[in-house]
Amino acid sequence: MSSVESHQEQLSQSDPSPSPNSCSSFELLDMDTGSLYEPVSPHWFYCKIIDSKETWIPFNSEDSQQLEEAYGSGKDCNWRVVPTDGGRYDVHLGERMRYAVYWDELASEVRRCTWFYKGDKDNKYVPYSESFSQVLEETYMLAVTLDEWKKKLESPNREIIILHNPKLMVHYQPVAGSDEWGSTPTEQGRPRTVKRGVENISVDIHCGEPLQIDHLVFVVHGIGPACDLRFRSIVQCVNDFRSVSLNLLQTHFKKAQENQQIGRVEFLPVNWHSPLHSTGVDVDLQRITLPSINRLRHFTNDTILDVFFYNSPTYCQTIVDTVASEMNRIYTLFLQRNPDFKGGVSIAGHSLGSLILFDILTNQKDSLGDMDSEKDAPNIVMDEGDTLTLEEDLKKLQLSEFYNLFEKEKVDKEALALCTDKDLQEMGIPLGPRKKILHYFRTRKNLMGINRPTLQPASGVTISDILKEPGFCSKTNATGNGDYLDVGIGQVSVKYPRLIYKPEIFFAFGSPIGMFLTVRGLKRIDPNYKFPTCKGFFNIYHPFDPVAYRIEPMVVPGVEFEPMLIPHHKGRKRMHLELREGLTRMSMDLKNNLLGSLRMAWKSFTRAPYPALQASETTEETEAESESSSEKLSDVNTEETPVTVKEEVPPINVGMLNGGQRIDYVLQEKPIESFNEYLFALQSHLCYWESEDTVLLVLKEIYQTQGIFLDQPL
């Protein structure tokens, strides 16, 4: 209390009445003498830099309560580390700092807040420091207990705070350039409002996240460091995706939550852009970049060139290594921090990130060991039709004289397929035969798939089954040794790392997978093909997304059919789509009715007169004609209304890539987006992070694997 008394001795003089420009609009309230003092309830906040400004954000109520309990636990609280935000951040109480657990992020300051003042421009409340808040609280306690108000305090920044009464407390900033004999606080301009306790300020405080985690999803970003039109990082976008999922769980899985059948799905971002551009390639690019249109060239180097990096053997290896190692690292760390986790794992990729995941998944091995898979792969391929022996192959090439040499060196067909030009030269084989042998076996590799491990040993399906059109040429490096050989689907030949878990579902958002496969020369995906370690695959896209391509026409190329329409999260089609379909149906009905009426009128006009005695006969003929005309009209309706045809078409077999289910799923555009497709093209490629329809489809498919369904089917 001594600090408060010293403040009062320095500033105990009653301040003059408020000037008209500052406090005249406030009416001082008469307070009852002997008011009871109640301690303030603290709440914990952390500071984030948003748009180059400090913004104080409250912890959710559960995290704040945990921090307060740890703070009041005793002297050892300074060494306490409290997990917050669902375990994604740790708060070090002694340092008052908040650190990200799974990704790199600048540490943010943490503060135990009780007193606040309104900021300059955005009208958001800013907490005072903990030490000065304690001084304010002690002064407030004395004022309430003794019923002595109009207390003045000076902050360390020479800012004046005046406590007029419990409802009116103001904060004055010193005028810039005023000397130490500066004017009185009432002449410092417009005062700021001061509030005591978080319950008296307008701020949203969430309840917190469920502790139980049912499923883990890794999210891989696309090109560039920014993932939406607000130039936010993958961490911020995944935060939005997670927030939308928590809201949808409360609205669409309410029964399962009430029965404590489900908790939540955890979404964790995977960043590969920063490690790629920290290899020094940016310095090399800057050296050759032209100085004109600097911002556009910087954007190109930082964003669009990621596509070319992925098609480069050197940087493609860096990218796939980073993505796989990050997912493995985060998965291991997640299990360490959540030892009771028994759920599954899925992966999601946006734009180029989906292609990276697709290539990684196609190069995974099954549950057998690496050596066993590699050992069995050539044998399975041989069973598919390559039954010739090495002697017969050499005889076919008219090189039988070298068979004894290969037998002496213990080189069989599999070993010969791995030999390079240098190896054959060291064995004493002349240049001409060397080229014949290498060309022959490279061609066999591309056609039969010997150059890569088998994707599905259990079912006997290899990547060669995907290829229906031969003609893949081998790629050689600069030295001509043929080290970079084309793999089955035209990927750059790199060593794809193995994941330490088996993903259950692969979600692709706005994905160019279909385009890249086509450009690589793949014309068809075999219906029997499926990922070695992943059962599900969903290709989700916006109809106006310029980067997205379909997958199903590559599986069923001879049939034209529409993708699956993703239901609106509120359980129906969007109004403008229903209105458009209704108007189309109405116009077709009007057209058909008009044509039918004209046809009947023309027939009645051209019909010959009948005798009166044949009236009954005429009636029967008229009925027969009306029936036939109605049949014709129904035929016309059937031909001209495609909706009826679609409903009668039997289910289409789109192969096993998604376990026999449909693969392509299209979102419904918003009403404003339907006015101009080109205007919203870029936005449509970045819309998935906050799309309730996308998130609900992800949640529905994930929980469906656990036997949990929506409260009401959409």
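Asp-147 is placed in the loop between α3 (130–146) and β9 (151–154). The structure that contains this residue is a predicted model. Its secondary structure comes to 24 helices and 19 strands, and buried residues make up 45% of the 714 residues in the protein. Among contacts with a separation of 6 or more, 71% join residues 24 or more positions apart. The points below treat backbone angles, selected residues, aromatic groups and helix packing in turn.

**Residues with a positive phi**

- Most residues other than glycine have a negative phi.
- Asp-147 has a phi near 55°, a positive value in a residue other than glycine.
- With a relative accessibility of 24%, Asp-147 counts as partly exposed, because the partly exposed class lies between the 20% limit for buried residues and the 50% limit for exposed ones.
- Phe-231 also shows a positive phi, of about 55°, although Phe-231 is not a glycine.
- The position of Phe-231 is in the loop between β13 (213–220) and α4.
- Phe-231 counts as exposed, since its relative accessibility is 64% and the exposed class begins over 50%.

**Two residues and their surroundings**

- Pro-39 belongs to the loop between α1 (2–11) and β1 (43–50).
- The relative accessible area of Pro-39 is 63%, so this residue is exposed.
- When neighbours within four places in sequence are left aside, Pro-39 is in contact with Glu-137 and Arg-196.
- Pro-39 and Met-141 are 102 residues apart along the chain, and their C-alpha atoms are separated by 8.3 Å.
- Asp-393 is found in helix α12 (residues 390–396).
- Is Asp-393 buried or exposed? Asp-393 is buried, because its relative accessible area is 1% and the buried class covers values under 20%.
- Not counting residues up to four places away in sequence, Asp-393 touches Leu-388, Lys-413, Tyr-440 and Phe-441.

**Aromatic pairs and a cluster**

- The structure holds 27 aromatic pairs.
- One of these pairs is formed by Trp-44 and Tyr-71, with 5.9 Å from centre to centre and 70° between the planes.
- The pair of Trp-44 and Tyr-71 is edge-to-face, because planes over 60 degrees apart are placed in that class.
- Trp-44 lies in strand β1 and Tyr-71 in helix α2 (residues 61–71), so the pair ties together parts that are 27 residues apart in sequence.
- Trp-44 counts as buried, at 0% relative accessibility, whereas Tyr-71 is partly exposed, with a relative accessible area of 30%.
- One aromatic cluster is formed by Phe-241, Phe-267, Phe-509, Tyr-688 and Trp-689.

**Charged groups over rings**

- Arg-98 lies over the face of Tyr-89, at 3.6 Å from the ring centre.
- In another place, the charged end of Arg-550 sits over the ring of Phe-561, 5.3 Å from the centre of that ring.

**Packing of helices α8 and α10**

- Helix α8 (residues 294–310) and helix α10 (residues 352–362) have axes that come within 11 Å and cross at roughly 15°.
- These two helices, α8 and α10, are therefore roughly parallel to each other, as angles under 35 degrees count as roughly parallel.
- The crossing in which α8 passes α10 is left-handed.
- On the α8 side, the contact is made by Asp-306, Val-307 and Tyr-310; on the α10 side, it is made by Leu-352, Leu-355, Ile-356 and Asp-359.

**Packing of helices α4 and α24**

- Helix α4 (residues 234–252) and helix α24 (residues 692–704) pack at an angle of about 65°, and their axes are 9 Å apart.
- The helices α4 and α24 are therefore roughly perpendicular to each other, as the range of 65 to 115 degrees counts as roughly perpendicular.
- The crossing in which α4 passes α24 is right-handed.
- The residues of α4 that meet α24 are Phe-241, Val-244, Ser-245, Leu-248, Leu-249 and His-252.
- Their counterparts in α24 are Glu-692, Thr-694, Val-695, Leu-696, Val-698, Leu-699 and Tyr-703.

How values were computed. Residues numbered from 1 in each chain as written. Predicted model: local features only at pLDDT ≥ 70, side-chain atom pairs only at ≥ 80, totals over all residues. Heavy atoms only, no water. Helix = DSSP H or I, 4+ residues; strand = E, 2+ residues; numbered from the N terminus. Buried < 20%, exposed > 50% of the residue type's maximum accessible area, 1.4 Å probe, protein only. Contact = heavy atoms within 4.5 Å. Phe/Tyr/Trp six-rings, centres within 6.5 Å; stacked < 30°, edge-to-face > 60°. Lys NZ or Arg CZ within 6 Å of the ring centre and 35° of its normal. Axes fitted to C-alpha atoms, helices over the stretch in contact; angles between N-to-C directions. Parallel < 35°, antiparallel > 145°, perpendicular 65-115°, else oblique. Left-handed = near helix turned anticlockwise from the far one by under 90°.
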